[in-house]
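This briefing covers a single structure, with its side-chain pairings grouped by topic. Please keep the sequence and the model in view while reading.

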Amino acid sequence: MRNRWKRPLASVVTGCLLGLSVTALATAPAQAAPARAATTIPATTTPAATAPAHPFPTHTTYQVGVMPSAPQATRDAAVEKEYDSWKATYLVHGCASNEYYVSTKGDGDATNNGPVSEGQGYGMNIVPLMAGYDASAQSEFNGLWQLVKDHEDQYGLMQWQLDGKTCKYYSGGTPDGATDGDLDIGYGLILADKQWGGYTADAKAWLAAFYAHDVAPDGHLKCEDDGPNTDTRPSDQMLDHLRAFGAYDTAHDWTKVIQRTEALDTEYTAAYSASAGLLSDFVVNADTTSPKPAPANYQEDQPDNIVGYNSIRVPWHLGTDALLNGASAAATEYGLAKKESACLKGLSGGNPQKVYPHVNLNCTAYSTSDQAEEAGDAVGPAAMASGDQAWTDTVWNYLATNPFGDGYYGETIKTLVYLVMAGDYWSPASGTAPANDFSLSASPGAGSVAPGGTASTTVATAVSAGSAQSVALAAAGLPTGATASFSPASVTAGNSAALTLATGTGTPAGSYPITITGTAASGSHTATYTLTVSGTGGGCTAAQLLGDQGFEKGATIAPWTETSTTGSAPINNDTADEPAHAGSWDAWLNGDGKADTDTVGQSVAIPAGCTATLSYWLHIDTTESTSSAKPDTLTVQLLNSAGTVLTTVAGYSNLDKNSGYTQHTVDVSAYAGQSVTLRFTGTETDANGGTTSFVLDDTALNTTG
């Protein structure tokens with residue numbers, strides 16, 4: 001359900017995305033197939049709460065391509081952050097007490113921010129994948145599914161658009177269903193069945209209705225359940241979903257649907273976009289071997305014969321199918337994913353912000369005045385499948401922004417793309433449930449000792465897939481005279497052990513990367529702890545290490561650095577609006593009333609053998625309307641020279657607002673002997689119509705012996 005081309009919502013009657021326009025409806029083909037008999041979804045009992053079989057994060061090893069360079073733990077944390085924001089903003093407990101829906105807030109796809117079946121399907125995919133992280137996931141899923149069952153159309157599929165207040169069908173004509181929403185709802189039911197069990201009857205009944213009414217006689221996907229058999233919408237072609245249907249439901253010929261969809265894409269791109277592999281928003285003659293672009297304004301009041309707000313989703317779906325199913329099983333989608341990724345990278349100059357929503361089939365921009373977050377986000381899975389590491393990393397980093405302030409559509413697609421790119425998107429297809437696996441980490445990740453001293457860290461394990469298993473721990477790379485001991489020496493995944501490193505009086509000074517290895521039946525994983533041994537037995541000269549502590553050098557910001565996704569300068573002297581703690585300058589992060597990520601940072605070397613304390617004065621003010629959600633955040637982190645986060649020493653949100661400045665102090669002695677970058681990162685989502693300012697001043701990093 002999507003149409004952001006500027007046209008009044010009132011002109012919509014029914015159809016694939018936000019529906020057929022009045023003009024399109026009047027000219028709809030007269031030979032549309034007669035309605036088939038309705039397939040009724042049987043009444044069922046809501047399954048009781050069950051522990052998830054694949055709790056988040058369940059990591060998936062993809063069949064082709066590359067992963068973002070960010071560590072797995074960083075990727076998982078990014079997904080959690082995005083999910084928290086998405087859930088707080090778009091997951092609504094309504095229309096009834098036992099129902100949930102995904103609001104179209106910010107996009108106007110339904111009146112009063114109501115749901116559309118597309119968004120309901122997205123939610124029914126996202127929530128099961130986050131089970132384990134979200135303790136309420138199953139009850140939320142049941143509420144999403146209940147709303148679907150309470151708003152079926154004549155064929156037992158979901159009415160595609162509902163009013164947010166009355167929860168009644170809003171669009172004109174007889175209520176009908178849209179194929180993309182129907183397809184995602186079916187996939188969500190299978191996910192839920194594999195995650196919790198108890199949804200088999202619902203899932204198979206839904207797939208029967210989908211096959212009867214959303215699949216054309218030749219096997220291609222129709223645009224809607226009451227539409228003609230002559231057209232299709234490429235953004236509905238989620239081949240990973242169809243392959244999962246085939247593995248789960250043997251009562252219907254899903255192989256026919258898969259093969260016809262692949263053939264249709266091959267026939268179309270060979271004729272109209274051989275080098276770029278692009279697919280237009282709508283395709284006609286889909287029931288022949290000569291499919292072609294639909295005319296402009298075919299289903300919507302926009303150029304439906306090119307890539308638009310529908311087909312910007314295609315590289316996401318192409319890439320996901322290739323990643324999960326490999327270059328052989330998903331050969332068609334794999335080949336098209338590589339072409340689309342290369343086209344959009346070249347067209348945008350490698351800048352995801354310049355992947356425009358409307359693109360001609362020859363890979364030229366139709367318009368550069370219309371921009372949308374989701375156009376760049378959706379390229380990520382295709383970039384991964386194509387093996388382009390630099391492009392993958394660029395899109396991954398772009399996901400953390402929302403440069404155009406997009407609402408439901410962009411932020412929901414982003415959440416799903418995040419799951420794929422993080423490696424947290426597992427397939428419910430039979431036989432593809434993840435094998436046992438675990439993760440390993442050390443916190444803190446570094447420490448400093450004098451010869452003859454000891455350092456300690458906590459080695460944590462977690463179940464990343466399957467079931468818990470025994471993990472044996474070992475350490476290597478110790479300096480001369482040093483020993484390592486674990487308590488206990490082995491743990492069951494999900495538990496932790498204490499690692500103590502003892503140095504001898506003759507242990508040489510230096511910095512030593514200690515490799516910690518965990519070994520289980522599934523294989524081994526490692527983590528690194530950096531041990532710094534001082535050369536003087538622990539002597540340290542007291543000092544304050546940060547330059548320009550209070551930002552009073554002004555516009556000459558060195559040794560600080562600053563960034564802003566909106567182009568503003570965080571280090572400023574706007575004391576009328578945000579007074580400094582002392583002096584005339586401070587670092588004011590966010591507060592622009594729009595989605596934004598700002599940073600200020602400084603590199604500093606902390607001498608070995610020192611006790612080190614970071615301090616700063618912080619003022620937070622906010623107009624966010626929420627009293628529980630945390631859409632706007634500030635993190636205080638230390639990074640190594642490669643830009644990898646060593647530790648997040650503190651975190652704040654709009655809920656920590658205060659009337660003046662408060663001083664905060666943090667012990668960072670564990671990083672003595674290292675060169676680190678201190679970075680403050682403020683992120684504002686503009687999720688609830690409010691804005692938050694994080695104002696910093698009078699920083700210090702003091703060392704003592």
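Ser386 belongs to helix H12, which spans residues 380–386. In this predicted model, Ser386 counts as partly exposed because its relative accessible area is 25%.

**Around Ser386**
- Apart from neighbours within four places in sequence, Ser386 is in contact with Lys338 and Ser341.
- Ser386 and Ala322 are 64 residues apart along the chain, and their C-alpha atoms are separated by 9.2 Å.

**Asp393, a charge without a salt bridge**
- Asp393 is located in helix H13, residues 389–399.
- Asp393 is buried but has no salt bridge. Arg75 is the nearest side chain of opposite charge, and it is 7.9 Å away; a salt bridge needs the nitrogen and the carboxyl oxygen within 4 Å.
- Asp393 does have a polar contact, side chain to side chain, with Ser69 at 2.7 Å.
- With neighbours within four places in sequence left aside, the residues in contact with Asp393 are Met67, Pro68 and Ser69.

**Salt bridges**
- Side chains of opposite charge can pair when their charged atoms come close.
- The structure contains 13 salt bridges.
- One of them joins Arg233 and Asp180, at 3.0 Å from N to O. Arg233 is in the loop between strand E5 (231–232) and H7, while Asp180 is in helix H5, so this bridge ties together parts of the chain 53 residues apart in sequence. Both Arg233 and Asp180 are buried.
- Asp321 and Arg243 form another salt bridge, at 2.9 Å from N to O. This pair links distant parts of the chain, with Asp321 in helix H9 (residues 314–329) and Arg243 in helix H7, 78 residues apart. Asp321 and Arg243 are both buried.
- Lys414 and Glu411 also form a salt bridge, with their closest N and O atoms 3.2 Å apart. These two residues are 3 residues apart in helix H14 (residues 408–421), which means that about one helical turn separates them. Lys414 and Glu411 are buried as well.
- Shared partners join the salt bridges of Glu118, Asp180, Arg233, Asp236 and Arg313 into one network.

**Aromatic rings**
- Across the whole structure, a search finds 18 aromatic pairs.
- Among them is the pair of Phe141 and Tyr199, which is edge-to-face, with 5.4 Å from centre to centre and 90° between the planes.
- Phe141 counts as buried because its relative accessibility is 0%, and Tyr199 is buried with a relative accessible area of 0%.
- Phe210 and Phe245 form another edge-to-face pair, with 6.2 Å from centre to centre and 75° between the planes. Phe210 lies in helix H6 and Phe245 in helix H7 (residues 239–248), so their pairing ties together parts 35 residues apart in sequence.
- Phe210 has a relative accessible area of 0% and is therefore buried; Phe245 is buried too, with a relative accessible area of 0%.
- Phe56, Tyr83, Trp86 and Tyr133 are linked into a cluster by ring pairs.
- The ring of Tyr248 has the charged end of Lys204 over it, 5.7 Å from the ring centre.

Notes:
Residues are numbered from 1 along each chain as its sequence is written. This is a predicted model: local features need pLDDT of at least 70, side-chain atom pairs count only at pLDDT 80 or more; totals for chains, interfaces and linings use all residues. Side-chain values use heavy atoms; hydrogens and water are left out. Rings of Phe, Tyr and Trp (its six-membered ring) pair if their centres lie within 6.5 Å; planes under 30 degrees apart count as stacked, over 60 as edge-to-face and the rest as tilted. Buried means under 20% relative accessible area, exposed over 50%, partly exposed in between (1.4 Å probe, protein chains only). Helices (H or I, at least four residues) and strands (E, at least two) are DSSP runs, numbered from the N terminus. A charge sits over a ring if NZ of Lys or CZ of Arg is within 6 Å of the ring centre and within 35 degrees of the ring normal. Lys and Arg count as positive and Asp and Glu as negative; His and the chain ends are not counted. A polar contact is a pair of N or O atoms within 3.5 Å; within protein, one must be able to donate a hydrogen and the other to accept it, and residues adjacent in sequence count only if both atoms are side-chain atoms. Contact means heavy atoms within 4.5 Å.
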